[in-house]
Amino acid sequence: MAAASLLMVALAVVLVVRLASRSSVLVVGVYGLALILCGVVVELSRRGRTRLGSWLLGAGLLAALAADRFLIP
């Protein structure tokens, strides 16, 4: 739960920085979905599904990084 919370804060900072450099709906979409995913992981962890949350957090982070690298110009 702590890792997802810290990642949520880091993603919010990256979102603000990316929006300052280029204002795009795609940037908001990618980082918005990553923030929602972090919230889901926090809730899963709160309900005792930490292992599932960890896998979901890892896969979601990789997907967000790949989308940032290959989808956002």
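**Salt bridges and helix faces in a predicted model**

Glu 43 forms a salt bridge with Arg 46, their closest N and O atoms lying 2.7 Å apart, where a salt bridge is a side-chain nitrogen of Lys or Arg within 4 Å of a carboxyl oxygen of Asp or Glu. This is a predicted model, in which local features need pLDDT of at least 70 and side-chain atom pairs count only at pLDDT 80 or more, while totals for chains, interfaces and linings use all residues. Residues are numbered from 1 along each chain as its sequence is written, and side-chain values use heavy atoms, with hydrogens and water left out.

**Salt bridges**

- A search of the whole structure finds three salt bridges; in general, side chains of opposite charge can pair when their charged atoms come close.
- Glu 43 and Arg 46 are separated by about one helical turn, because they are three residues apart in helix H2.
- Glu 43 is partly exposed, with a relative accessible area of 29%, whereas Arg 46 counts as exposed at 56% relative accessibility and Arg 47 is exposed with a relative accessible area of 61%; buried means under 20% relative accessible area, exposed over 50%, and partly exposed in between (1.4 Å probe, protein chains only).
- Arg 18 forms a salt bridge with Asp 68, with the closest N and O atoms 2.8 Å apart; Arg 18 lies in helix H1 and Asp 68 in helix H3, so the pair ties together parts that are 50 residues apart in sequence.
- Both Arg 18 and Asp 68 are buried, the relative accessible area of Asp 68 being 18%.
- When neighbours within four places in sequence are left aside, Asp 68 is in contact with Arg 18 and Tyr 31, contact meaning heavy atoms within 4.5 Å.

**Helix H2**

- Helix H2 (residues 25–46) has 22 residues and reaches 31 Å from its first C-alpha to its last, close to the 32 Å expected at 1.5 Å a residue; the expected span is 1.5 Å times one less than the number of residues.
- The buried residues of H2 are Val 27, Val 30, Tyr 31, Ala 34, Leu 37, Cys 38, Val 41, Leu 44 and Ser 45; seen down the axis, they fall within an arc of 130°, so they line one face of the helix, the arc being that of the directions from the helix axis to the C-beta atoms.
- The face of H2 turned away from this buried side carries the exposed residues Val 25, Leu 33, Ile 36 and Arg 46.
- Cover for the buried residues of H2 includes helix H1 (2–21) and helix H3 (50–70).
- After H2 comes Gly 48, whose phi is positive, near 90°.

**Helix H1**

- H1 has 20 residues and reaches 29 Å from its first C-alpha to its last, close to the 28 Å expected at 1.5 Å a residue.
- In H1, the buried residues are Ala 4, Leu 7, Leu 11, Leu 15 and Arg 18; they cover an arc of only 85° around the axis, which puts them on the same side of H1.
- On the other side of H1, the exposed residues are Ala 2, Leu 6, Val 9, Val 13, Val 16, Val 17 and Ala 20.
- What covers the buried residues of H1 includes H2 and H3.

- Leu 33, Ile 36, Val 40 and Leu 56 make a nonpolar surface patch of about 360 Å², to which H2 gives the most, with three residues.
- Patches are made of residues with over 30% relative accessible area and no salt bridge, with like charges joined within 9 Å and nonpolar side chains (Val, Leu, Ile, Met, Phe, Trp, Tyr) within 5 Å; accessible areas come from the Shrake-Rupley method with a 1.4 Å probe, and for residues only the protein chains shown count as cover.
- Leu 33 is placed in helix H2 and counts as exposed at 60% relative accessibility.
- Leu 26, also in helix H2, is partly exposed with a relative accessible area of 37%.
- Leu 26 and Ala 67 are 41 residues apart in sequence and 9.4 Å apart in space, C-alpha to C-alpha, while Leu 26 is in contact with Leu 71 and Ile 72, leaving aside its neighbours within four places in sequence.

Key. Helix = DSSP H or I, 4+ residues; strand = E, 2+ residues; numbered from the N terminus.
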